[in-house]
Amino acid sequence: MLDLILKTIWLLLPAYTPNNFAVLVGGGTPIDFGKNFFDGRRILGDGKTWRGFVGGIAGGVLTANLQYAVETLFAFKIYSSLPYAEFFTLTMLLAAGSMIGDSVGSFFKRRLGYERGARFLIVDQLTFLIVTLFISALYAPFWKLFSVEIILTAILLTPALHLGINYIAFRIGFKEVPW
Ligand code: CTP
Ligand code: MG
């Protein structure tokens, strides 16, 4: 059980980390270039920028490569059980899927009238994951590492992890609110 949870988190780190990198490097030109959709609201909003998008993907790929190095150093094989080229393509898809899914989530939020930065439970925590899994699953080597069991664990675990980490960030003073 704990094994399954830890393995799921390890496999998803390249998809979890891009948004954090986007927060760090984001800013500048918005992905929607400031344009509105037919409903008169922004397509994505100022919270989705090109710099954040590209930096986020680069951050996810960097994280994956650090994981590969850690596996080699500590002699365990999860990602490093794949040939490097397959590992690279897969984790690239996880990172890119995560940033695409993050934007898809913002698109839905804007259509429903949520302002940039407004919290929207489930959409904030699951849209990116579903899109990531969907895109990565089209790449056959995905199935060498992601079993149905792992995918279900990911879907159940991600919202809980999100809330848990936010609560910790609140307790140590990084966030104003515990959610
Ligand atoms: N960010 C960015 N580019 C992205 C994603 C995120 O620049 N593609 C940066 C923005 O500064 C953003 C912050 O990371 O405000 C936090 O990301 P997120 O919570 O995803 O965006 P929100 O500001 O909450 O906007 P939204 O309501 O659209 O989710
Ligand atoms: Mg947000």
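**Notebook: salt bridges and a surface patch**

I began with a network of salt bridges that links D32, R42 and D46. The model is a predicted one. I then searched the whole structure and got six salt bridges.

**Entry: D32 and R42.** I looked up this pair in the network. Their side chains meet in a salt bridge at 2.8 Å, N to O. The pair links distant parts of the chain, ten residues apart, and both D32 and R42 lie in the loop between α1 (2-25) and α2. Are D32 and R42 buried or exposed? I noted D32 as buried, and R42 as buried too.

**Entry: D46 and R42.** Next I checked the side chain of D46. D46 meets R42 in a salt bridge, 2.9 Å from N to O. I put D46 down as partly exposed, because its relative accessibility is 42%.

**Entry: R111 and D39.** I moved on to another pair. The side chains of R111 and D39 form a salt bridge at 2.6 Å, N to O. Here, too, distant parts of the chain are linked: R111 sits in helix α3 (residues 84-111), D39 in the loop between α1 and α2, and 72 residues separate them. R111 has a relative accessible area of 21%, so I listed R111 as partly exposed. D39 is partly exposed as well, with 38%.

**Entry: the nonpolar patch.** Last, I turned to the surface. Which residues form a nonpolar patch there? I found V70, L73, F74 and F76, with about 410 Å² of accessible area together. I placed V70 in helix α2, which covers residues 50-73. V70 counts as partly exposed because its relative accessibility is 30%.

How values were computed. Residues numbered from 1 in each chain as written. Chains lettered and ligands numbered in written order. Predicted model: local features only at pLDDT ≥ 70, side-chain atom pairs only at ≥ 80, totals over all residues. Heavy atoms only, no water. Patch = residues over 30% accessible without salt bridge, like charges linked within 9 Å, V, L, I, M, F, W, Y side chains within 5 Å. Areas by Shrake-Rupley, 256 points an atom, 1.4 Å probe, with all protein chains shown as cover. Salt bridge = Lys/Arg side-chain N within 4 Å of Asp/Glu carboxyl O. Helix = DSSP H or I, 4+ residues; strand = E, 2+ residues; numbered from the N terminus. Buried < 20%, exposed > 50% of the residue type's maximum accessible area, 1.4 Å probe, protein only.
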